[in-house]
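Please look over the sequence and the structure shown here before reading on.

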Amino acid sequence: MMRSSGPWFDMYLRARDSVVLNFNPFMAFNPDPKAEYNDQLTRATNMTVSAIRFLKTLRAGLLEPEVFHLNPAKSDTNTFKRLIRFVPSSLSWYGAYLVNAYPLDMSQYFRLFNSTRLPKPDCDELFTDDKARHLLVLRRGHFYIFDVLDQNGNIVSASEIQAHLKYILSDNSPVPEFPLAYLTSENRDVWAQLRQELVSSGNEETLRKVDSAAFCLCLDDFPIKDLVHLSHTMLHSDGTNRWFDKSFNLIVAKDGTAAIHFEHSWGDGVAVLRFLNEIFKDSTQSPAITPQSQPATTNSSVSVQKLSFKLNNALKTGITAAKEKFDATMKTLNIDYIQFKRGGKEFLKKQKLSPDAVAQLAFQMAFLRQYGQTVATYESCSTAAFKHGRTETIRPASIFTKQCSEAFVREPSRHSTGELQQMMAMCSKYHGQLTKEAAMGQGFDRHLFALRYLAAARGTTLPELYLDPAYRQINHIILSTSTLSSPAVNMGGFAPVVPDGFGIGYAVHDNWIGCNVASYTGRNAREFLHCVEKALEDMFDALEGKSIKT
């Protein structure tokens, strides 16, 4: 029997577009609160050790289950955790249910480590080899591997890992003339063909080492200038120093700025965020080394293997073509960022409004101000409360947001602040309902997706609905949005999903709102953010009983 999420994996793996920009997002870590721990070697060592500690905890089945607490005071307590531990797993769900805590599906987690998406003609494959004990490190487009687990499955000492990373950081070789990593940014069919060429040119074993590595650590040679530079670096960079097919790349810049860039077919933000939170907490609260720690006196030139690939002319041509395509695409991508400092979660909750609803309403108002219309909008919502659950779509654009946006943008003077507040409350209430429905599997998008998949699988005629221009329009997502907030995360980001769209990563913090927007030539991310800011100012004015400035 096919697992219920099979068609969804399939949808990702059948897509032939490059994974870069089209699918892979990033989440950036906050800096280590202790400034001297942000040294590149120190942070890369500590994060690597913390990641391997997480791997070991996960494999030992000791990772605390992901639980969604509707009433944290009752269920997110040590007493509850102690009790639930002794209940057989087939019944533990009921115990959790009684206190309104829903265990979340964790079936994606095993693909976090030792995994890679392999390019194949028509449909890619996910490959995992949990026997492999080595780490893959990329620096200046060169590939290095060394063991991070010994024969008994214990973590190699932190001072040895530090020594090996120091050795890699001291390699002065220039960037290769034909950086292999570009191939992972290609169209999947093109890359599948070139990979076949790599294999038949005698690189099969070397590729296997790349694919089976615990994860890919990317050491960059430059510091991060600002938040926009951070986004470009972590979302795509220059293409030489990432293996975009790896389940995740842990990137550490010269100044210790770190992020996780991940391949999206195997898993969703929830699994990656959990991992990111644990790594941040562990590496900052129980760091394996200090900035004063001395690396082990070990012979890294023996322990660290620098991989070399045999490239024939077809491969060199392929790499050059991939680079040209990559560079041309990146020239068309614009990213901008704002921090709205007037308030956040605390203020909005006092007003009895959903902070997420207000952020989404700001996007609706902004697009209406900039382009004069309401368009298809997507907000992702995890359905991990279900076995093998992935995501459902929240559709934030509604008759309520349209009416409210038109009032604020087109005719604020015609409404009293009381009326504007009332419209916002209505939007908030409806958005809350949509969110609850999506999380509980009551959205319509995955349902229609599944029916369409079944029709295609059975070879029956596609129902007329799917050919309707309205259906096509609602699935041409112009405003693609996703939110996450966590004390470990500085920001997250992703590219638009259509050429004329916006990719909007946002977070409503206690006292401020951050918003990171990507667009291609033809849409103006900076201008859109000005409009988002104006919308937030207007809503905060209305909530404070002030009249809206035109």
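## An edge-to-face pair across the chain

F309 is buried, since its relative accessible area is 18% and buried means under 20%. The model is a predicted one, and in it the structure holds 20 aromatic pairs. In one of them, the rings of F143 and F309 have their centres 5.3 Å apart and their planes at 70°, so this pair counts as edge-to-face. Because F143 belongs to strand β7 (residues 142–147) while F309 lies in the loop between β11 (305–307) and α11 (313–331), the pair ties together parts that are 166 residues apart in sequence. F143 is buried as well, with a relative accessible area of 3%.

F363 and Y506 also form an edge-to-face aromatic pair, at 5.1 Å centre to centre and with 75° between the planes. This pair, too, links distant parts of the chain, for F363 is in helix α13 (residues 355–371) and Y506 is in strand β17 (residues 502–508), 143 residues apart. Both F363 and Y506 are buried.

## The largest nonpolar core

The largest nonpolar core has 49 residues, and among these F215 and L217 touch the most other members. Helix α2 (residues 40–59) supplies the largest share of this core, with 8 residues.

Beyond its neighbours within four places in sequence, F215 is in contact with several residues, including T48, A51, I52, F113 and F248. F215 is also part of one aromatic cluster, which it forms with F54, F113, F248 and F275.

## Polar and charged side chains

D336 has its place in strand β12 (residues 333–340), and D336 is buried, with a relative accessible area of 10%. The side chains of D336 and R526 are joined by a polar contact of 2.6 Å. Leaving aside neighbours within four places in sequence, the residues in contact with D336 are V228, C515, N516, V517, A525, R526 and L529.

Charged groups are also found over aromatic rings: the charged end of K34 sits over the ring of Y37, 4.6 Å from its centre, and R523 lies over the face of Y371, at 4.4 Å from the ring centre.

The protein averages a pLDDT of 89, and 88% of the residues score at least 70. Over residues 92–101, however, pLDDT stays under 50, and for this stretch the model has 23 contacts beyond four places in sequence. Where pLDDT is low, the predicted coordinates should not be read in detail.

Technical notes: Residues numbered from 1 in each chain as written. Predicted model: local features only at pLDDT ≥ 70, side-chain atom pairs only at ≥ 80, totals over all residues. Heavy atoms only, no water. pLDDT = per-residue confidence, 0-100. Contact = heavy atoms within 4.5 Å. Core = buried A, V, L, I, M, F, W, Y, C linked by side-chain atoms within 4.5 Å. Buried < 20%, exposed > 50% of the residue type's maximum accessible area, 1.4 Å probe, protein only. Helix = DSSP H or I, 4+ residues; strand = E, 2+ residues; numbered from the N terminus. Polar contact = N/O pair within 3.5 Å; in protein donor to acceptor, adjacent residues only side chain to side chain. Phe/Tyr/Trp six-rings, centres within 6.5 Å; stacked < 30°, edge-to-face > 60°. Lys NZ or Arg CZ within 6 Å of the ring centre and 35° of its normal.
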